[in-house]
Amino acid sequence: MLKKEYLHPNEGFSQVVVIETETTKTFHISGQIGEGNDLETQTIATFNNLKKLLKECNSSFEDVVKMNTYIVNFNPEIDLPIYRKIRKKFLGNENYPASTLVGVTVLGDRNWLIEIDAVAIIEKK
């Protein structure tokens with residue numbers, strides 16, 4: 001049996017879609033963004049937003065199995081070290097999820113510099 005739950009629906013999307021089976025819950029978290037004037041500040045805020053949604057789902061970064069990251073005007077030499085430093089603070093030093101990082105020209109709002117979506121899985125208790 002498969003059950004779907006939609007958390008925090010917005011105009012055209014939900015912040016999280018929960019897929020529940022007899023043994024697991026999978027959380028599909030929509031792209032999160034953060035406030036701030038630079039990539040570092042926005043990245044920290046974005047990871048905090050992800051952390052908040054994971055916590056609401058009784059989950060954590062340890063349960064994340066896939067992340068997609070989009071960075072505006074991505075410059076690998078400058079932006080990648082910033083991103084990796086912050087990701088390490090939130091995810092630790094090992095057992096990273098499968099990940100994709102894509103440089104883009106613009107996101108849904110011209111002030112956004114980064115957007116991250118994630119999938120997490122937990123066993124039902």
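Modeller: Before we start on this predicted model, note that helices (H or I, at least four residues) and strands (E, at least two) are DSSP runs, numbered from the N terminus.

Colleague: In what order do the elements of the protein chain run from the N terminus on?

Modeller: The protein chain holds two helices and six strands. Read from the N terminus on, these elements follow the order β-β-β-α-β-α-β-β.

Colleague: Which residue is the bridge partner of Leu7 in strand 2?

Modeller: Strand 1, which covers residues 3-9, pairs with strand 2 in the antiparallel sense over six bridges. The hairpin of these strands has four residues between them, and Gly12 takes a positive phi near 95 degrees there. Within strand 2, the residue bridged to Leu7 is Val16.

Colleague: And which residue in strand 3 is the bridge partner of Ile19?

Modeller: Strand 2 also pairs with strand 3, residues 24-32, in the antiparallel sense, over five bridges. Three residues lie between strand 2 and strand 3 in the hairpin that they form. In strand 3, the bridge partner of Ile19 is Thr26.

Colleague: How many of the seven residues of strand 2 are buried?

Modeller: Buried here means under 20% relative accessible area, and such residues make up 38% of the 125 residues in the protein chain. Strand 2, residues 14-20, is largely enclosed by the rest of the structure, because its buried residues number six of the seven.

Colleague: What radius of gyration does the protein chain have?

Modeller: For 125 residues, a compact globule would have a radius of gyration near 14 Å, which agrees with the value for the protein chain, 15 Å.

Definitions and conventions. Residues are numbered from 1 along each chain as its sequence is written. This is a predicted model: local features need pLDDT of at least 70, side-chain atom pairs count only at pLDDT 80 or more; totals for chains, interfaces and linings use all residues. Side-chain values use heavy atoms; hydrogens and water are left out. The radius of gyration is taken over C-alpha atoms; the globule rule is 2.2 Å times the number of residues to the power 0.38. Buried means under 20% relative accessible area, exposed over 50%, partly exposed in between (1.4 Å probe, protein chains only). Two strands pair if DSSP finds at least two bridges between them.
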